[in-house]
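Have the model open as you read.

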Amino acid sequence: MGPGGGKPDGEVLTAIDRDLGGIEKLQTDFNAAGGRVFGSGWVFVTVTTDGKLAIETRPNQDNPIMDGKRALLGNDVWEHAYYLTYQNRRADYLKAWWNAVNWKAVAERYAAAKAGTLGV
C-alpha cells in the first residue's frame, strides 16, 4: 500500500490484461470475491507456479504461500481492517482500497515471482 494509488503498467499490466481481463475486471472480480468472504479472511491476487495471475480468497489468517503460491497483493477483509471508517460497509471499503495500492511494489513482486525469488 502507498499514497496515491495510481495504475499498473509494464509487465504486471500485461499479465493483468492477459490473465484477469484488464484492470477494471480485476477490480470488479477482486471486490466481489472479497465481499463473499464469510467472517474474517483475505482476498488476494496470486501468481501461480506457471506464472499466471489468479484471484483467490482465504479464511482467517491463511495465505497463498501455504500452497506454494506468491501473493502479488492482498486485502484484509476482517472487520477490524475497516470498521472504524466503514462500519459494516465492506463493499465501500473494497472500492476505496484501490486508491492505496502501490503498483510499483506490486510490479516488483511480480518480477520477483517470475524470477523465482521471494521478493517483499
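Start in the middle: the largest nonpolar core has 25 residues, and those touching the most other members are L26, F30, V45, L53, L72, L73 and W103. A nonpolar core here is a set of buried Ala, Val, Leu, Ile, Met, Phe, Trp, Tyr and Cys residues joined through side-chain atoms within 4.5 Å. Two or more residues of this core come from each of α1 (10-20), α2 (23-36), β1 (41-47), β3 (70-76), α4 (90-97) and α5 (103-115). Buried, by the way, means under 20% relative accessible area, exposed means over 50%, and partly exposed is what lies in between (1.4 Å probe, protein chains only).

Before going further, a word on what you're looking at. This is a predicted model, in which local features need pLDDT of at least 70 and side-chain atom pairs count only at pLDDT 80 or more, while totals for chains, interfaces and linings use all residues. Residues are numbered from 1 along each chain as its sequence is written, and side-chain values use heavy atoms, with hydrogens and water left out.

Setting aside residues up to four places away in sequence, L26 touches I16, L20, V45, I55, W98 and W103, where contact means heavy atoms within 4.5 Å.

Now zoom out to the whole fold. Five helices and three strands make up the elements of the chain, and from the N terminus they run α-α-β-β-β-α-α-α. These are DSSP runs, with helices (H or I) of at least four residues and strands (E) of at least two, numbered from the N terminus. Among contacts between residues at least 6 apart in sequence, 57% join residues at least 24 apart.

How does the overall size fit? The radius of gyration is 14 Å, which agrees with the value near 14 Å that a compact globule of 120 residues would have; the radius is taken over C-alpha atoms, and the globule rule is 2.2 Å times the number of residues to the power 0.38. Along the principal axes, the C-alpha atoms fill a box of roughly 40 × 30 × 25 Å. Of the 120 residues, 36% are buried.

On charge, there are 14 positive and 14 negative side chains, and the centres of the two sets lie 1 Å apart. Lys and Arg count as positive and Asp and Glu as negative, with His and the chain ends not counted; each charge is placed at NZ of Lys, CZ of Arg, CG of Asp or CD of Glu.

A few single residues are worth a stop. W97 sits in helix α4 and is buried, at 6% relative accessible area. Beyond its neighbours within four places in sequence, W97 contacts M1, F30, L73, G74 and N75.

For contrast, look at T49, in the loop between β1 and β2 (53-59). T49 is exposed, with a relative accessible area of 77%. From T49 to R70 there are 21 residues in sequence and 8.3 Å in space, C-alpha to C-alpha.

S40 belongs to the loop between α2 and β1 and counts as partly exposed, at 24% relative accessibility. Apart from neighbours within four places in sequence, S40 is in contact with P59, N60 and W78.

That brings us to N60, in the loop between β2 and β3. What is the phi of N60? It is positive, at about 50 degrees, although N60 is not a glycine. Most residues other than glycine have a negative phi. N60 is partly exposed, with a relative accessible area of 36%.
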